[in-house]
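Please work through the exercises below with the sequence and the structure at hand. Each task is followed by a solution in steps.

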Amino acid sequence: MDQQRDSAVLLRETHEGICTLTLNRPQSMNALDGPLLAQLLRTCQEIRHDNSIRVVILTGSDGAAFCAGADLKERRGMDELAVKQRLDDYRTCFDALASLPKPTICAINGYAFGGGLELALACDLRVVAEDTQIGLTELRLGIIPGAGGTQRLARLVGVARAKELIFTGARVKGTRAAELGIANYAVASEEVLRLSLKLAREMLLSAPIALRQAKLAIDTGLQVDLQSGLTIEAIAYAVTLPTKDRLEGLAAFGEKRNPQFEGK
């Protein structure tokens, strides 16, 4: 097991192809400040090109909060220009996470409000503690979700439901989040990371190149019309055809054994 303290604000642990990133500002409910955003961005950039990392799990060190959103203490000391610059930091960081060419799972083990939920929405899957609360609460502060929340939530749960949640600044329990489709699963708090790891291990059974291409086809196809999406899918499929992993998958199926994929 490779365990690394990237900095005091972000912990990183890699084991058998699964990289777990832990937001580590428990004294501030893991609120997002400049140093944490910068470290998370650097780590995403490193992980992007590390083929030994197959799946990423993002969670929080504080059992009470996955991420409470923006660090409002930091925000109070900023002028308008600094706030705009920080918002750019959010978008750049969250986009880097969303565009990783490998699956990402957010283990929401506590409160996720505002930017904290926007961060979770940038992941592919979400597992939430059933008794916690999450929400895009920005309108209660006189602003709107500005780091992808209005776009990613609407694509996830539909326009009308997203409008309701954002317009009211609703805080919903984990069980309700799963019912709405914001989270894939809602489980007891002590099971959040365990289930996330179980899902990650199941993904390790898939061929790495095929996994990357499937994510690319889904994410890119959502931005275009159906026919264009089908073309994108065909191109992504074609990438897998000449791979050794495809031949290994066929051979393993015929021999009734588990395939040994190499990402080639």
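The model is predicted, so local features need pLDDT of at least 70, side-chain atom pairs count only at pLDDT 80 or more, and totals for chains, interfaces and linings use all residues. Residues are numbered from 1 along each chain as its sequence is written, and side-chain values use heavy atoms, with hydrogens and water left out.

**Exercise 1.** Determine how Tyr90 and Phe94 are arranged.

Step 1. Rings of Phe, Tyr and Trp (its six-membered ring) pair if their centres lie within 6.5 Å; planes under 30 degrees apart are stacked, over 60 edge-to-face, and the rest tilted. The count by this rule is two aromatic pairs.

Step 2. For Tyr90 and Phe94 the centres are 5.6 Å apart and the planes make 80°, which gives an edge-to-face pair.

Step 3. Both residues belong to helix H3 (residues 80-98; a DSSP run of H or I, at least four residues). They are four residues apart, about one turn of the helix.

**Exercise 2.** Classify the pair of Tyr111 and Phe113.

Step 1. The centres of Tyr111 and Phe113 lie 5.5 Å apart with 20° between the planes, so the pair is stacked.

Step 2. Buried means under 20% relative accessible area, exposed over 50%, partly exposed in between (1.4 Å probe, protein chains only). Tyr111, at 31%, is therefore partly exposed, whereas Phe113, at 9%, is buried.

**Exercise 3.** Which residue of S10 is the bridge partner of Gln133?

Step 1. Pairing requires at least two bridges found by DSSP.

Step 2. The partner of Gln133 is Lys173.

Definitions and conventions: Helices (H or I, at least four residues) and strands (E, at least two) are DSSP runs, numbered from the N terminus.
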